[in-house]
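Dear colleague,

Here is the structure I said I would pass on. Please look it over before reading my notes below.

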Amino acid sequence: MATLTIAKKQQEAKFGFAFKNLADKNYNQTDENGNDVGGFNGIYTGLLQFDLDALKAFWDCGLAHLKKRPPISDIEASLEERIEEDGGTDQLFKEAFREIDASGFFEKSVKTFWKNLELFKEMGKTDEEKAENEKGVQMLMDAKAELLEETTESTD
């Protein structure tokens, strides 16, 4: 479960239309052809790239269900505190990615993302372009494996 303590209150990210609507409104991206990518895809891809702005967007949208959503400045302060406590960002990214990846609400979006990524490997006019695309896809697949990897803490 992805939780974050904001202003001394434990908050849990939730996935539904509130998340999607806020993501599309505030975090939508446009591709090189001028097409809307969608806020969900932008956040999901950003998490795969360990982008701190995507982590902030995840929490902003994950708390969209609240009647009184915390301001971005409080989310940022809470993330900074958590990063300091954890000694890095790994756990935060893993929690966020795992939650969104396993979400029933975004299940089809996640499957479509990976299916489209597989198709992307074959795109390109030259073998060089295809090889570059394949490298990019492999980087995202490696990041996914890392984010889904179980961490074991030593108990010395």
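What follows is a short account of the core, the charged pairs and a surface patch.

Please keep in mind that this is a predicted model.

The core. The largest nonpolar core has 37 residues, and those touching the most other members are Phe19, Tyr44, Leu47, Leu48, Phe58, Trp59 and Ile100. At least two residues of this core come from each of β1 (3-6), α1 (17-26), α2 (39-48), α3 (52-62), α4 (72-86), α5, α6 (107-121) and α7. Helix α3 gives the largest share, six residues. As general background, nonpolar side chains in soluble globular proteins tend to be buried together.

Salt bridges. The count comes to eight.

- Asp24 pairs with Lys20, with 2.4 Å between the closest N and O atoms. The two residues lie four apart in helix α1, so about one helical turn separates them. Asp24 is partly exposed at 28% relative accessibility, and Lys20 is partly exposed at 32%.
- Arg69 pairs with Asp60, and here the closest N and O atoms are 2.9 Å apart. Asp60 is buried because its relative accessible area, 2%, falls under the 20% cut-off. Arg69, with a relative accessible area of 34%, is partly exposed.
- Glu107 and Lys111 form a salt bridge through their side chains, at 3.5 Å from N to O. These residues are four apart in helix α6, which means a separation of about one helical turn. Glu107 counts as partly exposed, with 40% relative accessibility.

A buried lysine. Is Lys94 buried or exposed? Lys94 is buried, because its relative accessible area of 6% is under 20%. Lys94 belongs to helix α5, which covers residues 90-102. Phe50 is 44 residues from Lys94 in sequence, while their C-alpha atoms are 9.6 Å apart in space.

The surface. Which residues form a negative surface patch? They are Asp90, Asp142, Glu146, Glu149 and Glu150. Among them, Glu149 sits in the segment after α7 (127-148). Glu149 has 45% relative accessibility and therefore counts as partly exposed.

Best regards

Key: Residues are numbered from 1 along each chain as its sequence is written. This is a predicted model: local features need pLDDT of at least 70, side-chain atom pairs count only at pLDDT 80 or more; totals for chains, interfaces and linings use all residues. Side-chain values use heavy atoms; hydrogens and water are left out. Patches are made of residues with over 30% relative accessible area and no salt bridge: like charges are joined within 9 Å, nonpolar side chains (Val, Leu, Ile, Met, Phe, Trp, Tyr) within 5 Å. Accessible areas come from the Shrake-Rupley method with a 1.4 Å probe; for residues, only the protein chains shown count as cover. A salt bridge is a side-chain nitrogen of Lys or Arg within 4 Å of a carboxyl oxygen of Asp or Glu. Lys and Arg count as positive and Asp and Glu as negative; His and the chain ends are not counted. The place of a charge is taken as NZ of Lys, CZ of Arg, CG of Asp or CD of Glu. Buried means under 20% relative accessible area, exposed over 50%, partly exposed in between (1.4 Å probe, protein chains only). A nonpolar core is a set of buried Ala, Val, Leu, Ile, Met, Phe, Trp, Tyr and Cys residues joined through side-chain atoms within 4.5 Å.
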